[in-house]
Amino acid sequence: MNWRLKSAQFKLLSALPGGEWLYNFIQDHLTHSTAASPGRLANKLDVALDFWRWLQARGRAGQLLAGRLLDYGAGWHPTIPLLWHAFGNDHQTLVDIKPNLTPPNVRDTVRIFRDLVRREDWPGRAWVRRLPELPSANPESVAALLGPLGMEYCAPYGSLLQERAGQYDLVLCTQVLQHVPPAALPGILNEIHTCLRPGGLFHATIHFVGHFGDPFARGGHYEHLIYSPETWERRFNSRLMRFNRLKGPDYRAALEATGFRLLAFDVTPPTEADLAELRRTPVHPSFRRYPEHELAALGVFLVAEKP
């Protein structure tokens, strides 16, 4: 679906009484966009393995295996927490702003996860120490399903991170921060910084483009740059779906202002075709403060440390 039409639908649902319930019903029963699938899980596992290799290369894998982990923005599938459990971790907290995890999704995710990581050609197979098991009785609560795996689920998480100041060794946030309103980003980073122990790590991946293309035409990555901040908020952002349009320099500045020390900030550069598309795009003046390579960048892999 074209992203403009999708945004209009989210706007309409946001304005309707019961619109959020209807949106969730459509996702669960019509589009099945929240259902676990091998493709969705495989993508998340690839992202997790990138970070695992980064830790291994720097002698910090033990911080993940033996530490207390927080998955910020757990979403509908606990894919990456299942991987850390399989590698040996027994202490994870999964948080979200609302309860997206359901018992059926947890069970489906575990089943698909087990199939994926047992494949002989799966690249992380050598590090798997165990496979997650689910109770045979199939309890109808997320807590009962995740508890035996060393995981707790808190959604909405409220003041939890403030209450657990200095208790986590590692916070992971996968493809979530691009949905955070710019005004809320400093507060979220402060929460994460607060809950980390000194020497604790914050890892995130963020997509800058990929949400805006037309599925029936090449390109469209940079169409979001046409609009002023006011028009973007009025026409496209909504309570149910939001993209903040922040770029690499914005995240770098916010992390440093929070007190983090950046250990990695690896920006995925644009291709020549991406740059050509950007040059054809009538960029709004509010984005002209960015250098071309920053404006066209595709995303970032970052690791920050609490000193």
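Tutor: Helices here are DSSP runs of type H or I with at least four residues, strands are E runs of at least two, and both are numbered from the N terminus. The structure under discussion is a predicted model.

Student: How many helices and strands does the secondary structure of the protein come to?
Tutor: The chain has 307 residues, of which 50% are buried. Of the contacts between residues at least 6 apart in sequence, 78% join residues at least 24 apart. The secondary structure amounts to 13 helices and 7 strands.

Student: In which helix is the place of Thr 79?
Tutor: Helix 5 is the run of residues 79-87. Thr 79 is placed in helix 5.

Student: Does Thr 79 count as buried or exposed, and at what relative accessibility?
Tutor: Leaving aside residues up to four places away in sequence, Thr 79 touches Leu 41, Lys 44, Leu 45, Thr 109 and Phe 113. A residue is buried under 20% relative accessible area. Thr 79 therefore counts as buried, its relative accessibility being 2%.

Student: Which residues of helix 5 and helix 6 make the contact?
Tutor: Helix 5 passes helix 6 in a right-handed crossing. From helix 6 the contact includes Thr 109, Val 110 and Phe 113, and from helix 5 it includes Thr 79, Leu 82, Leu 83 and Ala 86. By class, these divide into 5 nonpolar, 2 polar and no charged residues.

Student: Why are helix 5 and helix 6 described as oblique to each other?
Tutor: Helix 5 and helix 6, the latter covering residues 103-117, have axes 10 Å apart and pack at an angle of about 55°. Angles under 35 degrees count as roughly parallel and those from 65 to 115 as roughly perpendicular, while over 145 is roughly antiparallel. The pair of helix 5 and helix 6 is therefore oblique.

Student: What span should the 15 residues of helix 6 have, and how far apart are its end C-alpha atoms?
Tutor: The expected span is 1.5 Å times one less than the number of residues. For the 15 residues of helix 6 that gives 21 Å, which agrees with the separation of its end C-alpha atoms, 21 Å.

Student: How many of the residues of helix 6 are buried?
Tutor: Among the buried residues of helix 6 are Asn 105, Arg 107, Ile 112, Arg 114 and Leu 116. The buried residues pack against helix 3 (38-57), helix 5 and helix 7 (142-146). Helix 6 is mostly covered, the buried count being 11 of 15.

Student: At roughly what angle do the axes of helix 9 and helix 11 cross?
Tutor: The crossing of helix 9 with helix 11 is right-handed. The axes of helix 9 (residues 185-195) and helix 11 (residues 248-258) come within 9 Å, and the crossing angle is roughly 50°. Helix 9 is therefore oblique to helix 11, at roughly 50°.

Student: Which residues in helix 9 meet helix 11, and how does the contact divide into nonpolar, polar and charged?
Tutor: Helix 9 supplies Leu 185, Leu 189, Asn 190 and His 193, which meet Tyr 251, Ala 254, Leu 255 and Thr 258 in helix 11. The contact of helix 9 with helix 11 comprises 5 nonpolar, 3 polar and no charged residues.

Student: What distance separates the C-alpha atoms of Leu 172 and Ala 74?
Tutor: Leu 172 lies in strand 4 (residues 168-174) and is buried, at 4% relative accessible area. Beyond residues up to four places away in sequence, Leu 172 touches Phe 51, Leu 70, Asp 71, Tyr 72, Trp 84 and His 203. Leu 172 and Ala 74 are 98 residues apart along the chain, with their C-alpha atoms separated by 9.4 Å.

Student: What kind of peptide bond joins Ala 155 and Pro 156?
Tutor: Pro 156 belongs to the loop between strand 3 (151-154) and helix 8 (160-163). For the bond from Ala 155 to Pro 156, omega is about -5°, and the bond is cis.

Student: What is phi of Gln 175, and what is phi of Arg 245?
Tutor: Gln 175 sits in the loop between strand 4 and helix 9 and is buried, at 16% relative accessible area. Arg 245 sits in the loop between helix 10 (229-235) and helix 11 and is buried, at 9%. Each is a residue other than glycine with a positive phi. For Gln 175 phi is near 55°, and for Arg 245 phi is near 65°.

Definitions and conventions: Residues are numbered from 1 along each chain as its sequence is written. This is a predicted model: local features need pLDDT of at least 70, side-chain atom pairs count only at pLDDT 80 or more; totals for chains, interfaces and linings use all residues. Side-chain values use heavy atoms; hydrogens and water are left out. Axes are lines fitted to C-alpha atoms, for helices over the stretch in contact, and angles run from 0 to 180 degrees between N-to-C directions. A crossing is left-handed if the near helix is turned anticlockwise from the far one by less than a right angle, and right-handed if clockwise. Contact means heavy atoms within 4.5 Å. Ala, Val, Leu, Ile, Met, Phe, Trp, Tyr, Cys and Pro count as nonpolar, Asp, Glu, Lys and Arg as charged, and the others, Gly among them, as polar. Buried means under 20% relative accessible area, exposed over 50%, partly exposed in between (1.4 Å probe, protein chains only).
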